Amino acid sequence: MSKRIDVSGLTAYYGSHKAIEDISMTVEPRSVTAFIGPSGCGKSTFLRTLNRMHEVTSGGRVEGKVLLDDEDLYGTGVDPVSVRREIGMVFQRPNPFPTMSIFDNVAAGLRLNGSYKKSALSDVVEKSLKGANLWNEVKDRLNKPGSGLSGGQQQRLCIARAIAVEPKVLLMDEPCSALDPISTLAIEDLIGELKERFTIVIVTHNMQQAARVSDRTAFFNLAAVGQPGKLIEIDDTERIFSNPSVQATEDYISGRFG
Amino acid sequence: MSHAATVSDKRPSTLRGASLPKWSPWAIAAGSIVAAVGIGLGAGLDSRVQWGLIAGLLFVFGTYGIAAKVEGRRQAKDRVATSLVWVAFVLAVVPLVSLLWTTIARGVKVLDVYFLTHSMGVVADSEPGGGIYHAIIGSLEQVGLATLIGAPIGILTAIYLVEYGRGGLAKAVTFFVDVMTGIPSIVAGLFILSLMLMFDMQPFGFAGSLALAILMMPVVVRSTEEMLKLVPNELREASLALGVPKWRTILKVVVPTSIGGIITGVMLSIARIAGETAPVLLLVFGNPFINNNPFEGAQASLPLYIYQQYSQSAGSTAAYDRAWAASLTLIAFVMILNMVARGIARWKAPKTGR
């Protein structure tokens, strides 16, 4: 049940500051697309425009179009809340709800949206935790607080929470940057499994990670500090890492810059 | 091994210096107290406060002198800083303990079940007997009603300011909350009194509640605001990203995360208004009889009772005893509230256990 995203001419602002300029790209369904680029180039901002989280920041606004299977997310009358139900998000730092148990954390999306059958809830939780490869580690302590888990487990808990509401697209903002290599590996394996069901977009600073998990890679850059970030190129991951068409991409990937 | 250790100990060490034994601060403190008592007796000072101040000064200077001699100047400064902190702590605690001690010592004389369950209805202020039942009822009703009005308005205002407030309106609200924080309680009382006079009403309990609610609201707003600001933005974003509407995010994620702190703030503001006398004096008037209806007729309240027992009894010991007992009851009431608040805060705090 994954969907395709078509972005055209997208520009995002924080107040009067232009953060990213004129970005157009297509994200294919049932694939992993990685965003790489130096800090401050707007990868995360762009990711947040894809489920209208950008406008949650004060002063955040967007021009341009984001089509989710031909439906414009920024069209008139579109409810950002329903956009976010279609397009889920996993954040940089694991952020389970501290007042809730592991079970409640996973069930949070359904419960807070009010649209669920009580009997189906525990099935959904089990399925989501299995989907996030966390079930075996937590099945005996589902009623314990989620904040008692390790960092890597917490991040998988957040992934379980995100997939429990059955989104069509899953956005991941540097999901492994706060994790150790073993937890990172667990999450990367998980991404490989999840792409069968979801369209996945992942922002990462780790180029090996982009090379390992993604099918397509987009390189972002900015001309200078204070200038808006731009999409330099997007291509199959193999091509980006072996034979990119833009010199700047090759410089960045080979470590000659940034 | 031990041989090597003794050899190395003989070498002059740059890392180790002479140091005072662990008990030395206690010894210096005891010495300075003894010296202060001696000086006080010798010079004929009869104020214990002067003795205490001399002891404090001797302790600070003595610590510096001894430590400078034995350990060096830097360690001496460190010890002086430590002893200053201790002296300040003692200075702060002594009046508190003394207040508590005096209240308990004088209050327990007449504080019994009879005292808590009877009013002053047929007892003249100068006679022994009587009790504070009517004042407890009045205080509970007035403070309870004030909380019912003040706490929801305050909490909702804080939620507006933190979660929604942008631009002019929010700034205006913040400004007025700041102004309200500074309102003297008698002014809040006068404000309600002017309304009462406009409608030609007699004193009644609920009028006092309104004034107390005015005093309570800014405190609740401030404390709740701080608590809500402590909730990490990541939690709000996590909830929004699940497709949860903003109002449900606030209701189910933000407020539960900070509920312990919010309740603590409300309890503390209740403790603050429970001791207010001025608006109650103006608006509730006081009443030696039991009046269970806060919406009609004058009522009593604990702080007002204490004031009246002191001021209207023409020096009768029985009235003074009753005033102290009522003070003790009021302190106990506020302390129980604080303890309940702490309990709730601990119980509701985000759990971290494994």
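How much of residues 136-341 of chain B is helix and how much is strand, and how far apart are the end C-alpha atoms? In this predicted model, the stretch is 79% helix and 0% strand, and its end C-alpha atoms lie 20 Å apart. The stretch is one that UniProt marks, in an unreviewed entry, as "domain: ABC transmembrane type-1".

Of the 354 residues, 36% are buried. Among the contacts in chain B with a separation of 6 or more, 73% are between residues 24 or more positions apart.

The chain is divided into two parts: domain 1 covers residues 19-106 and domain 2 covers residues 133-348. The C-alpha centres of domain 1 and domain 2 of chain B are 40 Å apart. One residue to look at here is B:Ile104, which is located in helix H4 (residues 73-107) of chain B. Is B:Ile104 buried, exposed or partly exposed? With 15 other C-beta atoms within 10 Å, B:Ile104 counts as partly exposed. Between B:Ile104 and B:Ile306 there are 202 residues in sequence, while their C-alpha atoms are 15 Å apart in space.

The unreviewed UniProt entry also annotates "transmembrane region" at several places in chain B, among them residues 23-43, 49-68, 204-221 and 323-345. Two of these spans can be described further. Residues 204-221 of chain B are 94% helix and 0% strand, with end C-alpha atoms 27 Å apart. Residues 323-345 of chain B are 100% helix and 0% strand, and there the end C-alpha atoms are 33 Å apart.

Chain A has both kinds of element, with ten helices and ten strands. Its radius of gyration is 18 Å, close to the 18 Å that the globule rule gives for 258 residues, so chain A is as compact as a globular protein of that length. The C-alpha trace spans about 55 × 45 × 30 Å along its principal axes. Buried residues account for 48% of the 258 residues in chain A. Of the contacts in chain A between residues at least 6 apart in sequence, 68% join residues at least 24 apart.

At 1.5 Å a residue, its 14 residues (181-194) should span 20 Å, and the end C-alpha atoms are 20 Å apart, which agrees. Which residues of H7(A) are buried? They are A:Ser183, A:Ile187, A:Leu190, A:Ile191 and A:Leu194. Seen down the helix axis, the buried residues of H7(A) fall within an arc of 105°, so they line one face of the helix. On the other side of H7(A), A:Pro181, A:Ile182 and A:Glu193 are exposed. The cover over the buried residues of H7(A) includes strands E3 (32-36), E7 (169-173) and E8 (199-203), along with helices H6 (151-164) and H8 (207-213), of chain A.

The last topic is the contact between the chains. It takes 26 residues from chain A and 22 residues from chain B. On the side of chain B that touches chain A, the elements giving two or more residues are helix H10 (233-241) and helix H11 (246-274). H10(B) contributes the largest share of that side, seven residues.

Within H10(B), the buried residues are B:Arg236, B:Ala238, B:Ser239, B:Leu240 and B:Ala241. What do the buried residues of H10(B) pack against? Their partners are helix H2 (80-86), strand E6 (87-90) and helix H3 (102-113) of chain A, together with H11 of chain B. After H10(B) comes B:Gly243, whose phi is positive, near 85°.

Methods: Residues numbered from 1 in each chain as written. Chains lettered and ligands numbered in written order. Predicted model: local features only at pLDDT ≥ 70, side-chain atom pairs only at ≥ 80, totals over all residues. Helix = DSSP H or I, 4+ residues; strand = E, 2+ residues; numbered from the N terminus. Rg over C-alpha atoms; globule rule 2.2 N^0.38 Å. Buried ≥ 20, exposed ≤ 12 C-beta atoms within 10 Å, placed from the backbone. Contact = placed C-beta atoms within 7 Å. Expected span 1.5 Å × (residues − 1). Arc of directions from axis to C-beta. UniProt positions renumbered as here; feature names shortened; annotations may be inferred. Domains from an automatic or database assignment.
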